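I am opening a notebook on this structure. My entries follow what I looked up, one topic at a time.

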Amino acid sequence: MTLSALVAWRCLLVLGLGMVVGTVTGCLGFHRGAIEGEPRDASFVEVAGARLRIEDSGGEGPPVLLIHGFASSLDAWKTVVPALVDRHRVIAVDLKGFGWSDRPAGDYSPRAQAAMLLELLDQLKVERVALVAHSWGSSVALALALQAPERVTRIALYDAWVYEEQLPTTFLMARASGVGETLFGLYYRERPEDKVALAFYDERFVTQELVDTINDQLDRPGTTAAALAAVRGQRFSEMQAMYRKIEQPVLLLWGREDRVTLLEFGERLSLELPNAKLAVYPQCGHFPMIEAKNPSNRDLRAFLEADLVGPPALPPVAVPAPPPPTPVPEPEIPEPARGDEADPENPFAP
């Protein structure tokens, strides 16, 4: 039995037991405020009523905003930030509902997350920015570019999750009230080591440390409720029809063996975005910034180089040389007549 068929079968089983397990799982709770164990050096900004964790390099170069994917955090960019900070102001954020940020009730759609990021940029006094996003965060980046195209210089997307056709059956079923609470209450925290293994081509990257980190994130209050809200906000049909309007340069970075966001969606997106280029990394899954760190960092840096170059200098204007001065003839001095003595006061006197 395939993985998708197994998931679908289990979902049908859950629906059949929904009346029973619904009383067991109860309502999923959200959370506001500090979370036990948050890093002491973490920085937080209040944005639209939510406390968001950010990391801002404060550099003087062109700003870059890093947007993580679903069930992730700004820590996903640990291999990317060092490659950019020497030439850019790098801003990373835990989106609402993830990492160490708040998990309040509300709208978790890409449009809502993008609106929060625009407000964050206003607070940080960033007028224009390059967007770098991963997986589901790519839908947030594209929503931001559609909302405020004048604020976005260019866009880089890793293994983008941006199409209705990418949504699994469980996500579609979770839109129904009660069903989503049951599914996520039972299964969202189940066997994270198996789920994360699907995201990598090389299983050596699935370390115990990574699994422990994921378990820690799953245990944080409000996480399951926020994840369900984010899944219910993934209604891409209307937004994906507008991707052709995005005119900024776009770099798509894709793992060839990605089993989460298949390469065919990268090829499709590269055709629908008017100014897109697709870079594919062999023997790489859903995280090119990890499994293909060096080549993907190289390509990202080269793509962002254009923001480091100012407007082209105007060619020098040729100034014509002044014409040579007209020579003035010297006056002829008549020689005194022989036998005459010159007047010392007036040598021209006869």
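**Entry 1: a term to settle.** A polar contact here is a pair of N or O atoms within 3.5 Å; within protein, one atom must be able to donate a hydrogen and the other to accept it. I also note that the model is predicted.

**Entry 2: E272.** I looked up E272 and found it in helix 12, residues 263-272. Is E272 buried or exposed? Its relative accessible area is 14%. The cut-off for buried is under 20%, so E272 counts as buried. Next I checked its side chain. It makes a polar contact with the side chain of Y163, at 3.0 Å. That value lies within the 3.5 Å limit. Then I listed what E272 touches, leaving out residues up to four places away in sequence. The list is Y163, Q240, Y243 and R244.

Entry 3: An open sheet has 8 strands, in the order 1-2-4-3-5-6-7-8, and the pairing is mixed. Which strands stand at the edges? They are strand 1 (43-47) and strand 8 (276-281). Each has a single partner strand, so one side of each has no neighbour in the sheet. On average, neighbouring strands are turned by 25° against each other, direction ignored.

**Entry 4: strand 5 and its partners.** I picked strand 5, residues 129-134. Strand 3 (residues 63-67) runs parallel to it, joined by 4 bridges. In this pairing L66 stands opposite V132, and I67 has A133 as its bridge partner. Strand 6 also pairs with strand 5 in the parallel sense, over 5 bridges. There L131 stands opposite I155. I followed the chain from strand 5 through helix 5 to strand 6 and found a right-handed β-α-β crossover.

Entry 5: How many residues of strand 5 are buried? I count 6 of its 6. In a regular strand, side chains alternate between the two faces of the sheet. I checked the directions here. V129, L131 and A133 point one way, while A130, V132 and H134 point the other way.

Technical notes. Residues numbered from 1 in each chain as written. Predicted model: local features only at pLDDT ≥ 70, side-chain atom pairs only at ≥ 80, totals over all residues. Heavy atoms only, no water. Pairing = 2+ DSSP bridges. Helix = DSSP H or I, 4+ residues; strand = E, 2+ residues; numbered from the N terminus. Axes fitted to C-alpha atoms, helices over the stretch in contact; angles between N-to-C directions. Buried < 20%, exposed > 50% of the residue type's maximum accessible area, 1.4 Å probe, protein only. Contact = heavy atoms within 4.5 Å. Right-handed = clockwise from strand over helix to strand, strands pointing away.
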